[in-house]
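Colleague: Could you take me closely through a single part of this model, its packing and what follows from there outward? I would like one connected account, with the terms spelled out as you go.

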Amino acid sequence: MGSIDPVFALAAAVTVGAGLLVVIQRNPIYSAISMLACFLGLAVIYLRLEAPFLAAIHVLVYTGAILVLFLFVIMLLNLKPEELGVEYPLKVRGLIAAMCLGLFGLIALPLWQDKRELPPKSSLPAGFGSVETVGHALFVDYALPFELISVLIMVAVFGGVLLAKKKL
Amino acid sequence: MISHYLIVSAALFAIGAYGVLARRNLLIILMSVEVMLNGVNVALLAFARLYGQSAGQLFVLFVMGVAAAEVSVGLAILIAVFRNRKTVDTGDLKSLQG
């Protein structure tokens with residue numbers, strides 16, 4: 001393996017560690033706070049991948065909207081410790097953990113052979129990852145998917161109101 | 001190296017898969033789905049960077065849009081379930097089991 005970019009290594013460690021905390025924490029409020037660390041680490045990884053606009057949008061959408069929505073619902077439900085439910089027995093969880101470790105190995109092992117370096121920054125097209133480039137591609141080349149996403153979000157708005165409302 | 005980013009992506013995906021399969025709290029299952037989606041985003045951005053294509057960055061934007069829609073509907077379902085059944089444990093939700 002080549003040398004590891006230290007900023008990336010730190011961000012990756014924070015992201016994966018916080019990701020693990022999200023799934024092993026019993027109380028969802030701690031999971032949500034771990035998810036905050038996970039998302040901020042991811043934003044740093046996005047910056048390392050020359051995607052400053054995506055990093056900003058990621059922080060806005062994930063920590064600004066999705067995480068706040070999760071925290072809002074956690075506070076709305078106000079679960080007591082005995083309402084958190086029971087977990088699967090340790091044996092079942094161990095088996096699933098082994099399966100997921102196998103899944104990780106299956107994806108990661110062939111990657112050890114992959115020695116491709118990322119091309120130097122100077123070889124990228126001008127303005128790669130900037131608002132102009134992404135915006136141009138979004139509104140010129142991918143205008144139809146963009147419109148479809150807006151339809152999907154509209155449906156989600158209606159669905160959310162319909163499902164969560166007590167009486168229509 | 002591109003493989004470092006892809007390994008982080010695989011790790012996040014596997015962690016999220018564990019959360020979805022092994023946990024019974026609906027809130028944590030939804031959070032694990034978010035972690036899985038983010039793992040995929042890292043892979044998409046790594047390939048966008050490798051090939052110098054901004055289309056990969058656009059797919060990440062679309063994944064974020066879908067994730068936002070998914071989480072809003074998912075949390076609305078969770079609230080409806082909790083209001084009717086007073087539980088967020090998937091083990092207690094077996095009225096379709098017959």
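Modeller: The buried residues of H3(A) pack against helix H2 (28–48) of chain A together with H2 and H3 of chain B, where helices (H or I, at least four residues) and strands (E, at least two) are DSSP runs numbered from the N terminus, and where contact requires C-beta atoms, placed from the backbone, to lie within 7 Å. This is a predicted model, in which local features need pLDDT of at least 70 and side-chain atom pairs count only at pLDDT 80 or more, while totals for chains, interfaces and linings use all residues. Residues are numbered from 1 along each chain as its sequence is written, and chains are lettered from A and ligands numbered from 1 in the order in which they are written.

The buried residues of H3(A) include A:Leu54, A:Ile57, A:Tyr62, A:Leu67 and A:Phe70; a residue is buried if 20 or more other C-beta atoms lie within 10 Å of its own, exposed if 12 or fewer, and partly exposed in between. Helix H3 of chain A covers residues 52–77, and its 26 residues reach 36 Å from first C-alpha to last, close to the 38 Å expected at 1.5 Å a residue, the expected span being 1.5 Å times one less than the number of residues. A kink of about 25° in H3(A) is centred on A:Leu67, the bend being the angle between axes fitted to the seven residues ending at a residue and the seven starting there. Just after H3(A), A:Asn78 takes a positive phi of about 50°, although it is not a glycine. A:Asn78 lies in the loop between H3 and helix H4 (90–112) of chain A, and it counts as exposed because it has 7 C-beta neighbours inside 10 Å.

H2(A) is followed by A:Glu50, whose phi is positive, near 60°; A:Glu50 sits in the loop between H2 and H3 of chain A and is partly exposed, with 19 other C-beta atoms within 10 Å.

The largest nonpolar core has 63 residues, and A:Tyr46, B:Val8, B:Met31, B:Val42 and B:Leu45 have the most contacts inside it; such a core is a set of buried Ala, Val, Leu, Ile, Met, Phe, Trp, Tyr and Cys residues joined through C-beta atoms within 7 Å. The largest share of this core, 15 residues, comes from H2(B). Leaving aside neighbours within four places in sequence, B:Met31 is in contact with A:Val22, A:Ser31, A:Ala32, A:Met35 and A:Phe70.

Between the chains as a whole, 62 residues of chain B are in contact with 73 residues of chain A. The largest share of the side of chain B that touches chain A, 22 residues, comes from H3(B), and the residues of that side divide into 43 nonpolar, 13 polar and 6 charged, with Ala, Val, Leu, Ile, Met, Phe, Trp, Tyr, Cys and Pro counted as nonpolar, Asp, Glu, Lys and Arg as charged, and the others, Gly among them, as polar.

Terms used
Two residues are in contact if their C-beta atoms, placed from the backbone, lie within 7 Å.
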